[in-house]
Amino acid sequence: GGGDAGAAAGPKPTDELVVGFAQVGAESGWRTANTTDIQNSFKDAGIELKFSDAQQKQENQIKAIRSYIQQGVDVIAFSPVVETGWDAVLNEAKAANIPVVLTDRAVDSQDDSLYVSFLGSDFIEEGKKAGQWVVDEYADSTDPVKIIQLEGTTGAAPAIDRAEGFADVIGADDKFEIVASQTGDFTRAGGKQVTEALLKANPDVDLIYAHNDDMGLGAIEAIEAAGLVPGEDIKIVTVDAVKDGMQALADGKINFIVECSPLLGKQLVDIVNQINEGETPEKRIITEETTFTQEQAVEALPDRQY
Ligand code: GYE
């Protein structure tokens, strides 16, 4: 096998292609929908997919990538759990002539020859959309607006960028104040635990901005346990729009969701086919996404796939 299947050797028959995918973990509804979509898309395309789950640990992902290099797969794809620390292993893939595709999350590297293409959302834009909803929601208020932020995994692109985009937009008016900001690691349990603790220190908070639905769902549990009404006493804005999040939005417990699509499988298959044909895929492919109000969630829910 090996990455020498490109232009020189000519394309391989599809059923001889092998792709190694190093997934982050199974931390959220988004992640499990992403895994299912990728596995189904490769199955439909008749391309063999080797799959590993790193349980949100970078060292596990690096091990998985090294094992794909050793096995001589044709393409390696992965969603980097954090942004930094990838140059060494990506240089090993490059030396073995195996093309690498980033899905969902970016790496922070000076050398963009270490990957062929990066397929995923614009997380800064998502943070800005969340911030814009908050600005509009409190447009008529002159009182301070106290915000708790539930951050995603520390060092992960979506945590860094969703914080940045949000801060950019709310920063235009100093009535908005982020009174506390802590990581809940993109999990429901993390969101619940952090909210419980932060509510004790900040009982007068107006709004929670969670970097994903799962942490927002955990926050709902903590708010209800504190005898308060989520969506009313404390407003909630999240990112993802997975089914459980959309249900909570339709039920009035979340106030606004910025969509982030996990359905990257088909586009990833297209990129693998392009590489096999000796073509050059686009360096950056940005996923198209929307936003949902409570009314829009009620309408969209019956057809929601994940
Ligand atoms: O928003 C979150 C998941 O990287 C876009 O990771 C992804 C994020 C997603 O755990 O739910």
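Tutor: We will go through the sheet, then helix packing, then the ligand.

Tutor: This is a predicted model, where local features need pLDDT of at least 70, side-chain atom pairs count only at pLDDT 80 or more, and totals for chains, interfaces and linings use all residues. Residues are numbered from 1 along each chain as its sequence is written.

Student: OK, the sheet. What is the order of its strands?

Tutor: The order is β2-β1-β3-β4-β5-β11, six strands in an open sheet with parallel pairing. Strands (E, at least two residues) and helices (H or I, at least four) are DSSP runs, numbered from the N terminus. Two strands pair if DSSP finds at least two bridges between them.

Student: Which strands stand at the edges?

Tutor: β2 (48-53) and β11 (284-286) do; each has a single partner strand, so one side of each is left without a neighbour in the sheet. Neighbouring strands are turned by 15 degrees against each other on average, direction ignored.

Student: How many bridges join β1 to β2?

Tutor: Six bridges join β1 (residues 18-23) to β2, and the two run parallel. Val19 stands opposite Leu49 in β2.

Student: Switching to helices. Which strands does α9 lie across?

Tutor: α9 lies across β1, β3 (75-78), β4 (100-103), β5 (117-120) and β11, at about 165 degrees to β5. Axes are lines fitted to C-alpha atoms, for helices over the stretch in contact, and angles run from 0 to 180 degrees between N-to-C directions.

Student: And at what angle do α1 and α9 pack?

Tutor: Helix α1 (residues 29-45) and helix α9 (residues 265-276) pack at about 50 degrees, with their axes 8 Å apart. α1 and α9 are therefore oblique to each other. Angles under 35 degrees count as roughly parallel, over 145 as roughly antiparallel, 65 to 115 as roughly perpendicular and the rest as oblique.

Student: What about α6 and α7, how do their axes cross?

Tutor: The axes of α6 (residues 188-201) and α7 (residues 213-225) come within 7 Å and cross at roughly 45 degrees. That pair is therefore oblique as well.

Student: Last one, the ligand. Which residues come nearest?

Tutor: Ser28, Trp30, Pro158, Phe186 and Asn212 come nearest, of the 13 residues around the ligand. A residue is near a molecule if its C-beta atom, placed from the backbone, lies within 6 Å of it.

Student: Which elements supply at least two residues of that shell?

Tutor: α1 and β9 (235-240) each do.

Conventions. Two residues are in contact if their C-beta atoms, placed from the backbone, lie within 7 Å.
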